[in-house]
Amino acid sequence: MSGGPGIRPGVLGEDPLPGEWTGLTSGRPHVWLMRLDGLRPGGLVHDGPGPGGPTDGDAPGGHHLPGNGLAGSGLPGGGAPAGSPLDASLRDYARILDPAERDRAAAFVRDLHRNRYIASHVGLRLLLGAYLATDPAAVVLVREPCPGCGGPHGRPAAAGAPLHFNLSHAGDLALFAFADTPVGADVEQLQPAEVVDEVARVLHPDETAELAALPAARRPEAFARCWTRKEAYLKGTGTGLSENPSVTYVGAGPAPASPAGWALTDVTAPPGYAAAVAVANARGPHLP
């Protein structure tokens with residue numbers, strides 16, 4: 001749905017897991033998609049797609065629950081093929097997630113959002129464990145220094161590991177990207193026309209003009225394309241939206257415009273979504 005060939009990601013739970021972190025050349029990312037459409041409050045089940053949730057899990061909302069809040073959430077591993085590594089990891093989520101992740105999950109008021117957060121972070125740890133040939137629970141997640149202020153809220157990282165990664169989730173999808181140079185990833189649901197018209201004003205002036213030149217029916221897809229490219233790049237640099245979205249041009253057209261020192265690539269996503277990956281000094285995509 002996002003112009004050009006882009007990257008066709010592997011699907012976690014269906015495609016074979018990667019081996020150890022070897023054989024990757026500079027800037028060639030591995031990209032994975034995880035379907036969360038089997039999630040329901042109270043557990044993971046295969047009963048069709050669920051309603052949309054908060055993008056990237058960045059706004060749990062509400063108050064912290066007593067304790068870790070997970071004892072009664074009931075998260076069986078039914079959202080993956082029985083006996084698969086993903087199924088086993090989901091069933092073992094309480095051991096695999098670290099205390100900070102368990103606390104973050106407990107902060108969600110709705111079971112649906114909590115389950116999506118748990119599943120996406122279990123998926124991240126499962127992939128990190130596969131790449132690094134270690135127990136997913138043994139991976140120590142940290143934050144690099146912010147490039148703007150030096151605070152501990154920059155890019156996520158695995159302590160002592162020779163790889164970079166990024167996670168994004170929106171609605172029923174989670175997107176993972178791995179590379180040996182800094183990498184950013186973003187997936188978004190298409191937004192209603194009124195949201196597009198409002199938010200388009202904060203984009204780079206050329207991007208705003210590109211969107212305005214399109215028929216109204218095509219703007220939501222083009223806006224999602226542009227926004228995922230921009231977020232992927234800003235997550236890759238570690239600045240995030242502390243940089244004004246109007247500063248860097250990434251384009252709203254069929255092909256992304258890569259900022260200096262970076263390569264932006266659209267990622268093939270299901271209908272209703274757009275996704276993109278940005279890699280520092282990239283030479284092209286590589287699929288697992």
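Here are a few notes on this predicted model, for someone looking at it for the first time.

1. Start with the sheet. It is open and has 4 strands in the order β1-β2-β8-β7, with mixed pairing. The edges are β1 (10-11) and β7 (164-170), each of which pairs on one side only.

2. Now look at the β7 end. There, β7 runs antiparallel to β8 (residues 173-179), and the two are joined over 7 bridges. If you want a landmark, take Asn 166, whose bridge partner in β8 is Ala 177. Helix α4 (residues 111-132) packs on this sheet, where it touches β2 (30-35), β7 and β8. The direction of α4 makes about 25° with that of β8.

3. Next, the aromatic rings: the model has 4 aromatic pairs. One of them is Phe 108 with Tyr 117: the ring centres are 5.6 Å apart and the planes sit at 40°, so this pair is tilted. Both Phe 108 and Tyr 117 are buried.

4. Phe 223 and Trp 227 make a stacked pair, because their planes are at 25°, and stacked means under 30 degrees. Their ring centres lie 5.9 Å apart. Both residues belong to helix α7, 4 residues apart, or about one turn of the helix. Phe 223 is buried, and Trp 227 is buried too.

5. Finally, have a look at Arg 218, in the loop between α6 (205-212) and α7 (219-237). Arg 218 counts as exposed because its relative accessibility is 51%, and the cut-off is over 50%.

Conventions. Residues are numbered from 1 along each chain as its sequence is written. This is a predicted model: local features need pLDDT of at least 70, side-chain atom pairs count only at pLDDT 80 or more; totals for chains, interfaces and linings use all residues. Side-chain values use heavy atoms; hydrogens and water are left out. Two strands pair if DSSP finds at least two bridges between them. Contact means heavy atoms within 4.5 Å. Axes are lines fitted to C-alpha atoms, for helices over the stretch in contact, and angles run from 0 to 180 degrees between N-to-C directions. Buried means under 20% relative accessible area, exposed over 50%, partly exposed in between (1.4 Å probe, protein chains only). Rings of Phe, Tyr and Trp (its six-membered ring) pair if their centres lie within 6.5 Å; planes under 30 degrees apart count as stacked, over 60 as edge-to-face and the rest as tilted.
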